[in-house]
Amino acid sequence: MKQRPSFPARMPAGDAPKGKASRQGPTPPPGITLPNPAIAPKPDRPKVATAPPVPAGLGLDSSAVRANMVRKLAQGGLSDPQVLAAMGQVPRHQFVDSALVTQAYEDTSLPIGLGQTISKPSVVARMIELLRQGALMQADGRMGRVLEIGTGCGYQAAVLSCVSREVYSIERLRGLHDKARDNLRPLRLPNLHLLFGDGMLGYPKGAPYAAIIAAAGGEAVPTAWTDQLAVGGRLIAPTLTGNGQQALVVIDKTPQGLHQQQLEAVHFVPLKSGVA
Ligand code: SAH
């Protein structure tokens with residue numbers, strides 16, 4: 001896998017910790033505390049200096065708009081307090097193009113460039129909630145080390161970083177890997193590590209994972225992913241089913257073996273091999 005130093009990676013890839021996913025990771029650099037304080041409310045800002053004026057409701061009071069989104073997610077049946085809190089904190093409008101900020105808190109998927117899309121908030125929340133119901137958890141109620149395949153613009157990675165000890169997120173498109181790094185820089189999430197490479201191979205150096213989540217749909221779940229999942233961990237991936245449609249597939253790795261469930265139909269961009 002090709003790799004390059006990427007913000008906010010704090011750990012050279014070769015130094016990725018080994019061992020049980022629920023074990024405590026390396027000591028964070030001085031001055032940085034875990035769990036991350038990174039997304040404590042702070043004044044929002046337009047994405048670039050030349051961006052058009054931030055629309056009303058997406059400026060300094062974007063937390064109110066997010067709270068409204070969270071209310072709707074809860075009304076829609078999402079109930080995990082940690083996930084809802086994370087959805088209320090991560091500034092989704094900072095991950096989309098400035099022309100789309102007015103739609104950032106609607107329950108809709110949006111283009112992020114290079115033919116890819118950011119999933120709608122209800123799908124992000126649903127998948128992370130499902131993951132947490134079966135992942136290896138720490139005593140503090142967060143997941144252990146999580147692998148995300150398909151960083152895209154970095155939004156879901158940011159949400160994951162709020163509810164996990166550590167997150168590795170891989171993207172195969174250089175342009176999006178760079179964009180995610182730029183989007184995430186102001187949030188300063190020391191427990192989130194961005195990787196450039198083919199996520200179909202997983203990321204063995206970080207294994208075993210408490211949880212694995214894919215943001216792109218493949219024809220089958222690669223064995224690399226189930227191999228890298230810890231016993232007691234959970235994997236969730238949009239996958240092609242018998243009728244040619246995509247559905248969410250949940251795989252639990254138990255001491256007795258893999259236990260697979262097929263849940264609701266979804267529409268994700270395709271999982272592709274190689275990098276570009
Ligand atoms: N979670 C993302 C959604 C991104 S869309 C977000 O919040 O924005 C899915 C992403 O998966 C795309 O960026 C696509 O390039 C990426 N992808 C597809 N196949 C991949 C692979 N084999 N390895 C890594 N990323 C992959």
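**Salt bridges and cores**

The side chains of E166 and R165 form a salt bridge, 3.4 Å from N to O (a side-chain nitrogen of Lys or Arg within 4 Å of a carboxyl oxygen of Asp or Glu). This is a predicted model, where local features need pLDDT of at least 70, side-chain atom pairs count only at pLDDT 80 or more, and totals for chains, interfaces and linings use all residues. Residues are numbered from 1 along each chain as its sequence is written, and side-chain values use heavy atoms, with hydrogens and water left out.

**Charged pairs**
- The structure holds eight salt bridges.
- E166 is buried at 4% relative accessibility (buried is under 20% relative accessible area, exposed over 50%, partly exposed in between; 1.4 Å probe, protein chains only).
- R165 is also buried, at 3%.
- R145, R165 and E166 are linked in a salt-bridge network.
- R132 and D80 pair at 2.7 Å, N to O.
- R132 lies in helix α3 and D80 in the loop between α1 (62-75) and α2 (81-89), so this bridge ties together parts 52 residues apart in sequence (helices are DSSP runs of H or I, at least four residues; strands are E runs, at least two, numbered from the N terminus).

**Nonpolar core**
- The largest nonpolar core has 52 residues; M87, I128, M143, Y155 and L184 touch the most other members (a core is a set of buried Ala, Val, Leu, Ile, Met, Phe, Trp, Tyr and Cys residues joined through side-chain atoms within 4.5 Å).
- Helix α3 (residues 121-134) gives the most to this core, with seven residues.
- Another core, of 21 residues, lies apart from it and includes L147 and V221.

**Helix α4**
- Eight of the eight residues of α4 (residues 155-162) are buried, so this helix is largely enclosed by the rest of the structure.
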